[in-house]
Amino acid sequence: MALTAWSARFLSIPSHVWAAALLFVLLSMLAWVTRGVAVPGAWPIERAQVPVQAQGRSDAPLRALPHLWDDGWSAPGRTVTYRLQLPAELQAVADGGTQIGLLMPRAGVRYRVLLNGQLLSAAMWPQRPVYFDAASQAQMVVLPAALLRPVWGDNLIDIELQGERLRIAGLGVVWAGPADTLQARQRWLSWWQVELTWMVAASAFMLGLMAMMVWLRGRERLIGLLAAGLLVLAPRLVLSTPVLLPGPFVFWDFLHKLSFTWYCGLLYLFISELFGFRQGLVRRTVLLMMAVGPVWLLVQAWIGDYDLYRIWTGVIVLVCVLSLGKVIHRARWGLDPGQRLMVVVGVATLVTGLRDYLVVQMGLPGDVDIRWMTAGSLVLMLAMAGVMVRRAGDTLAQTERLNQELARRVAEREAEFHSVYERLREVEHQQVREAERRRITRDMHDGLGSQLVQTLNLVRHAGAGVDAAAVERMLHHALDDLRLTLDSLEPMDGDLPTILGTWRQRIAPALAAAGIELEWQVQEVPPVPGLEASGVMHLFRCLQEIIANVLKHARADRVVVRTWQEGRWVVLSVADNGIGLGGGRDRSLPLTGRGLRNIRLRAGEIGAQVEFLDGRPGTVVSFRFPSA
């Protein structure tokens, strides 16, 4: 129980507190690692003769190292030679059989090393039309024992450098000592200067691509600024390593400087968006800086004055400091976890930049060959990625909440629609039942009721002399009508042969009693839509009217009932061999009788076409139904 409570308290610590603690540990470790520049077992060479284009001069002035030069000496093709003398302490080391080496932490842009006039090493020498800066990596040269002179003071080291226009070049402090010791130092510096830079560049590129994919899905401005800033930073980091690229040096140098300008601007825009500020003047100033940057750098490249870049760097630093200071000033209260994290990481990044400035530019104690800013940039990128992940997580959580709310509302609406649908279906069923009840009532009124009323009138008017046979016939007709009504209620699903078979059971006895032969030629046909209960009753009434006419008027002795399929139609015909209606087809027949009009009306109710034809002899009544 106590462990659970302690774990909960431990996990409840805010992320910015964790970040502050970890960054403090990281900065402390950096301070310990870079507390000094001495290489144990090696000696620094801190002064050199600099005979410009005058190798072999003994009266060349001595200059302190590091000795840097910019565009004043770095015109293409110009060469600067540094002549060094090996420390006297190395003689004992060399006499002991230990191999001697030179470590050049900074030597650029291109160099070559000569020992007593013999070439030992060269980097891109002579000058070629490519982009390359040897000063971005510590260089190691081994001095062959065979080339060393017996008199130690006669051994001379010449380091020749070639610069590039608008790029600071020169030579830093050179270390001389046992080759193994210097190689270990060189590997350590290479890790900081090259491997770590490549790691930061790869991280910036990958995080930039991830942020771009997230931005393409959500189009969130904050994520878009993060993606742009990281993708702009990646080329600058790559160009800060000893990479070899084809093409004019000035082009890649322009890209190197421009990426720094845009990265600073996008970084501010990202932070201002994160904090939710809309600082009109500061934002316009940053956007103006990003727009003027390419033009300013092109003018600098055209004129060839490195001081223009110094001025521009000062403008960038001033704008960034003022804008970020404004952000921090306005963000003193009400910060969310992501904003607090960025404040902590931003302060730590400023500390790394301030350390590099004080050690490299102001000469404070520390390892001048190791930059803290590279590690600071990595931490800053990771913090920005953390903000992106948090923001994406918040967006996903919000989306999930919205989806759940939407699902709840849809479920509520679905339940409401289902309830309304059930009510409508019940109302529809009631309407159908009511319509069916009215139909049955109407049919019973028109058929059974009419027969019973006629029978009742016959009994009333006949008095004591009631004709029992007539009453019996009329009651039989009423029963037949009742049976037809009940038969129409049976489910037959549009099966015309089944419907006709049911009707046959009712009319066959009447035809037989009248001496009329019934010839049955009913075939299997497709189902007929519309022949439900009401439709069946309409068809029964039509056939009842036809048979009634045959019994009353046709004087026939045979009735033929046929069905067949004709294309998409199902045809039913009832024919007799009586005297016929005369006059040819139905449109010329005198259809003034109520019975024939009723047949037409009822056929129309069930979607059938009806024709009355002269059968010669007899009459043919045909119904054409559309098949299913």
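**View A. The loop around Val109, between strand S7 (107-108) and strand S8 (110-115).** Gly108 and Val109 are joined by a cis peptide bond, with omega at about 15 degrees. This is a predicted model, where local features need pLDDT of at least 70, side-chain atom pairs count only at pLDDT 80 or more, and totals for chains, interfaces and linings use all residues. Residue numbers start from 1 along each chain as its sequence is written, and side-chain values use heavy atoms, with hydrogens and water left out. Strands here are DSSP E runs of at least two residues and helices are H or I runs of at least four, numbered from the N terminus.

**View B. Another cis peptide bond, joining Leu65 and Pro66.** Omega comes out at about 5 degrees. Pro66 sits in the loop between strand S3 (62-64) and strand S4 (67-69).

View C. Asn116 isn't a glycine, yet its phi is about 50 degrees; look for it in the loop between S8 and strand S9 (118-123). Asn116 is buried (under 20% relative accessible area), at 16%. Arg555, also not a glycine, has a positive phi of about 50 degrees and belongs to the loop between helix H13 (533-554) and S17. Arg555 is exposed (over 50%), with a relative accessible area of 68%.

**View D. An open, mixed sheet of five strands, ordered S16-S17-S18-S20-S19.** Strands count as paired if DSSP finds at least two bridges between them. S16 (517-521) and S19 (609-614) are the edge strands with a single partner each, so one side of each has no neighbour in the sheet. From one strand to the next, the twist averages 15 degrees. S18 (residues 569-576) and S20 (residues 619-626) pair antiparallel over seven bridges, and Ser573 stands opposite Ser622 in S20.

**View E. Helix H5 (residues 221-239) packed with helix H6 (residues 249-274).** Their axes are 8 Å apart, at an angle of about 155 degrees. Axes are lines fitted to C-alpha atoms over the stretch in contact, and angles run from 0 to 180 degrees between N-to-C directions. H5 and H6 are therefore roughly antiparallel (over 145 degrees). By class, their contact has 16 nonpolar, three polar and four charged residues; Ala, Val, Leu, Ile, Met, Phe, Trp, Tyr, Cys and Pro count as nonpolar, Asp, Glu, Lys and Arg as charged, and the others, Gly among them, as polar.

**View F. Helix H4 (residues 179-218) crossing H5.** The axes come within 8 Å and cross at roughly 155 degrees, which makes H4 roughly antiparallel to H5. The contact of H4 with H5 has 20 nonpolar, three polar and no charged residues.

Definitions and conventions:
Angles under 35 degrees count as roughly parallel, over 145 as roughly antiparallel, 65 to 115 as roughly perpendicular and the rest as oblique. Buried means under 20% relative accessible area, exposed over 50%, partly exposed in between (1.4 Å probe, protein chains only).
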